[in-house]
Amino acid sequence: PMMVLTVNLYHISPHNPKHHHMSTADFCGWYSRDAGHSWYRSEEGISEPHNIYDIAFDPDVPDRIWAATSRKHDIPQWNFIGRDNVLSHEYVGSIAYSENGGETWRQISEKGLPPLTTLGLYLDPNSPVDSRHIWAAVLGKGFYLSKDNGRTWEQRTGEINDEGHVK
């Protein structure tokens, strides 16, 4: 049986319209292989297995997925008071990575990325397959960019132009 869930986002794989994922609060890791008729849960390998706020599918590699995970749930609906709260231990987060469509996960090294809740991910579909450019929106810290599939990150501030460069 499925628990009562808060669904942040609903995702459909660009490779297989029957492969669905839910970014959920409290009980993360829900995926379906039959367009939502049956659901499975996997949090194996996720260091913060409470919430997923966003998922990014690789546009060229089926079953390659990144997920923004967090200890804190229901942002911004729940007791979200201010910057001091954002930097507390409750807002610990990370980015997990899967090569099998979310059946199992592993944490990426995240060198340069603060260990805080990441609320959004964007994968540049025009970046090289073996060194994807991924943007992460980190709560209380701003935007970070990885140009190597999420292994290292650099904070980006300022205005971002159409090519993804900071002015």
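Reply: Two residues are in contact when they have heavy atoms within 4.5 Å of each other. Leaving aside its neighbours within four places in sequence, Y122 is in contact with H133, I134 and W135. Before we go on, please keep in mind that this is a predicted model, in which local features need pLDDT of at least 70 and side-chain atom pairs count only at pLDDT 80 or more, while totals for chains, interfaces and linings use all residues. Residues are numbered from 1 along each chain as its sequence is written, and side-chain values use heavy atoms, with hydrogens and water left out.

Let's begin with the overall layout. Read from the N terminus, the order is β-β-β-β-β-β-α-β-β-β-β-β-β. Of its 167 residues, 45% count as buried. Here buried means under 20% relative accessible area, exposed means over 50%, and partly exposed is in between (1.4 Å probe, protein chains only).

Now for your salt bridges. A salt bridge is a side-chain nitrogen of Lys or Arg within 4 Å of a carboxyl oxygen of Asp or Glu, and the structure holds seven of them.

One of them joins R41 to E43, with 2.6 Å between the closest N and O atoms. E43 is partly exposed because its relative accessible area is 31%. R41 is also partly exposed, at 33% relative accessibility.

Another joins R132 and D60, whose side chains meet at 2.7 Å, N to O. R132 sits in the loop between β9 and β10 (134-138), and D60 in the loop between β5 (51-57) and β6 (65-70), so this pair ties together parts that are 72 residues apart in sequence. R132 counts as buried because its relative accessibility is 0%, whereas D60 is partly exposed at 47%.

R64 and E99 form a further salt bridge, their closest N and O atoms being 3.1 Å apart. This pair also links distant parts of the chain: R64 is in the loop between β5 and β6, and E99 is in the loop between β7 (93-98) and β8 (106-107), 35 residues away. With a relative accessible area of 13%, R64 is buried, while E99, at 40%, counts as partly exposed.

Put together, D58, D60, R64, E99 and R132 are linked in a network of salt bridges.

Let's return to Y122, which is found in strand β9 (residues 118-123). Its relative accessible area is 46%, so Y122 is partly exposed. The C-alpha atoms of Y122 and L145, 23 residues apart along the chain, are separated by 9.5 Å.

V7, Y10 and I12 form a nonpolar surface patch with about 270 Å² of accessible area together. Such patches are made of residues with over 30% relative accessible area and no salt bridge; nonpolar side chains (Val, Leu, Ile, Met, Phe, Trp, Tyr) are joined within 5 Å, like charges within 9 Å. I12 belongs to strand β1 (residues 6-12) and counts as partly exposed because its relative accessibility is 47%.

Terms used. Accessible areas come from the Shrake-Rupley method with a 1.4 Å probe; for residues, only the protein chains shown count as cover. Helices (H or I, at least four residues) and strands (E, at least two) are DSSP runs, numbered from the N terminus.
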